[in-house]
Amino acid sequence: MKEQRSFRVEAVVLRHTDWGEADRLVTLYAREHGKLRAIAKGARRIHSRKAGHLEPFTRVTLQLARGRDLLIITQADTLDAYLPIHDELIKTSQAAYMVELIDRFTREEGIDNPGIYPLLTDSLLRLQKEADPWLAIRFFEMRLLEHLGFRPHLFECARCGRQIQAEKQYFSAAQGGVLCPTCGPGVAGARQAPLQALKYLRHFQRSDYARVLKARPAEEVRAEVEALLQHYLTYLLERSLNVPHFLEQIRK
């Protein structure tokens, strides 16, 4: 079947970079096509009509034409700019964290993962709405890991399969989850997993968002949950993420 020369997509802008003298290279995550890159010609010119539609974490509809090497954006319209997010530096950074995760994990273009696009758009709406979006971000992380095939083992030992009990446990990014007290000490790089942090991680993994919203972890537990998730995400990506460090500086 012959590919269409021009086609329309709904997408969220992940990021953009300068391209040539006046163009921009835009990285997108599209509803039906997964990650795409496309050139917005003249988008850096003062009077460009496309530029305002192509800012990071904007939901857009685009008309794309197939160029010799890259797709070309011929038309752009905003569906949702999530404007309240832009009014708060922390929320702007949290949205940047979400799109950074998707950008880093989806390295190949044109491969659709049906769960990721609605997860991203729902999470941006939650971020926009919630006064404290901490739970929305943890829910996003856990569901993204699941959609990508990296769902951590939290109910059975990732090494021996023994059911996890209410006692001191370990977490190994290399093993893909929690290790029991027997297996944990013998695994290089395994770290202790505090019971309360593990309890909430399990809750986030097995619950829908309405139930997750009822969680009330203490600040100390929040820090432990974040530390475990960042440890796992960093291991999977083989490098640190940019935004979490920036968010930490803002909070301080």
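**Exercise 1. Find which residues line the largest cavity, and describe the lining by class.**

Step 1. The lining of the largest cavity consists of Met-142, Pro-152, Leu-154, Phe-171, Leu-201, Leu-228, Leu-229 and Tyr-232. The model is predicted: local features need pLDDT of at least 70, side-chain atom pairs count only at pLDDT 80 or more, and totals for chains, interfaces and linings use all residues. Residues are numbered from 1 along each chain as its sequence is written, and side-chain values use heavy atoms, with hydrogens and water left out.

Step 2. A cavity is a set of points, on a 1 Å grid over the protein atoms alone, where a 1.4 Å probe fits but cannot get out; lining residues have an atom within 4 Å of a point. Grid points are joined across faces, edges and corners, and a volume is the space filled by probe spheres set on the points. The count is one cavity of 30 Å³ or more, and the largest cavity holds about 40 Å³.

Step 3. Sort the lining by class, with Ala, Val, Leu, Ile, Met, Phe, Trp, Tyr, Cys and Pro as nonpolar, Asp, Glu, Lys and Arg as charged, and the others, Gly among them, as polar.

Step 4. Helices (H or I, at least four residues) and strands (E, at least two) are DSSP runs, numbered from the N terminus.

**Exercise 2. Determine how far helix 4 is enclosed by the rest of the structure.**

Step 1. Helix 4 covers residues 134-148 and reaches 21 Å from its first C-alpha to its last. This is close to the 21 Å expected at 1.5 Å a residue, where the expected span is 1.5 Å times one less than the number of residues.

Step 2. Count the buried residues (under 20% relative accessible area, 1.4 Å probe, protein chains only). Because 12 of its 15 residues are buried, helix 4 is largely enclosed by the rest of the structure. Among them are Trp-134, Arg-138, Glu-141 and Met-142.

Step 3. The buried residues of helix 4 pack against helix 2 (89-105), helix 3 (116-129), helix 5 (195-206), helix 6 (209-212) and helix 7.

Step 4. Just after helix 4, Gly-149 has a positive phi of about 90 degrees.

**Exercise 3. Locate Arg-126 and list its contacts beyond four places in sequence.**

Step 1. Arg-126 is part of helix 3.

Step 2. With neighbours within four places set aside, Arg-126 is in contact (heavy atoms within 4.5 Å) with Ala-136, Phe-139 and Tyr-209. Ala-136 and Phe-139 are buried residues of helix 4.

Methods
1 Å grid on protein atoms, 1.4 Å probe; cavity = no way out; pocket = protein on both sides within 12 Å on 5 of 7 lines; lining within 4 Å. Buried < 20%, exposed > 50% of the residue type's maximum accessible area, 1.4 Å probe, protein only.
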